[in-house]
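Hi there,

Here is the structure I promised to pass on to you. Have a look at it first, and then read on for what turned up.

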Amino acid sequence: MAERATIKVSREVRDHLAQVARERGVTLRYLVEHLAARQLTAAQIAGRAAADRKAAREVIGVDISDEEFEKTPDVLVHLYRLTAERGARV
């Protein structure tokens with residue numbers, strides 16, 4: 001069994017989470033573990049972004065710099081534009 005730890009929260013938060021767990025038919029422990037597992041660290045986010053950029057570069061066959069990826073929040077539209085400018089096919 002995994003080692004346990006105590007997390008101190010207000011009663012209001014505890015009661016709210018307990019109600020959510022009951023409504024979902026799970027334990028409070030499971031709910032908290034599930035919620036925590038879905039929260040990425042900065043390193044995990046950076047790793048996923050790097051992997052996504054690598055995959056995009058391989059799929060479109062065009063070397064796009066990280067700076068070009070960051071020029072716009074709408075990466076897909078940006079990729080189409082850059083691909084068109086460079087004469088690659090998507």
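Let's start with Arg-53, which is buried, with a relative accessible area of 17% (buried means under 20%, exposed over 50%, and partly exposed in between, using a 1.4 Å probe and protein chains only). Salt bridges that share partners link Arg-53, Arg-57 and Asp-66 into one network; a salt bridge here is a side-chain nitrogen of Lys or Arg within 4 Å of a carboxyl oxygen of Asp or Glu. For the pair Asp-66 and Arg-53, the closest N and O atoms are 3.3 Å apart. Because Asp-66 sits in helix α4 (residues 66–70) and Arg-53 in helix α3, this pair ties together parts that are 13 residues apart in sequence. Asp-66 is partly exposed, at 35% relative accessibility.

Before going further, a word on the basis: this is a predicted model, where local features need pLDDT of at least 70 and side-chain atom pairs count only at pLDDT 80 or more, while totals for chains, interfaces and linings use all residues. Residues are numbered from 1 along each chain as its sequence is written, and side-chain values use heavy atoms, with hydrogens and water left out.

The salt bridges come to five by this rule. One of them joins Glu-33 and Arg-29, at 3.1 Å from N to O. These two are four residues apart in helix α2 (residues 28–37), so about one helical turn separates them. (Helices are DSSP runs of H or I with at least four residues, and strands are runs of E with at least two, numbered from the N terminus.)

Now to α3 itself. Its 19 residues should span 27 Å at 1.5 Å a residue, and its end C-alpha atoms are 27 Å apart, which agrees (the expected span is 1.5 Å times one less than the number of residues). In α3, Arg-53, Ala-56 and Ile-60 are buried. They cover an arc of only 65° around the axis, so they lie on the same side of α3; the arc is that of the directions from the helix axis to the C-beta atoms. On the other side, Ala-43, Arg-48, Lys-54, Glu-58 and Val-59 are exposed.

Finally, which residues make up the largest nonpolar core? They are Ala-56, Ile-60, Val-62, Ile-64, Phe-69, Leu-79 and Leu-82, where a nonpolar core is a set of buried Ala, Val, Leu, Ile, Met, Phe, Trp, Tyr and Cys residues joined through side-chain atoms within 4.5 Å. The elements giving two or more residues to this core are α3 (42–60) and α5 (75–86).

Happy exploring!
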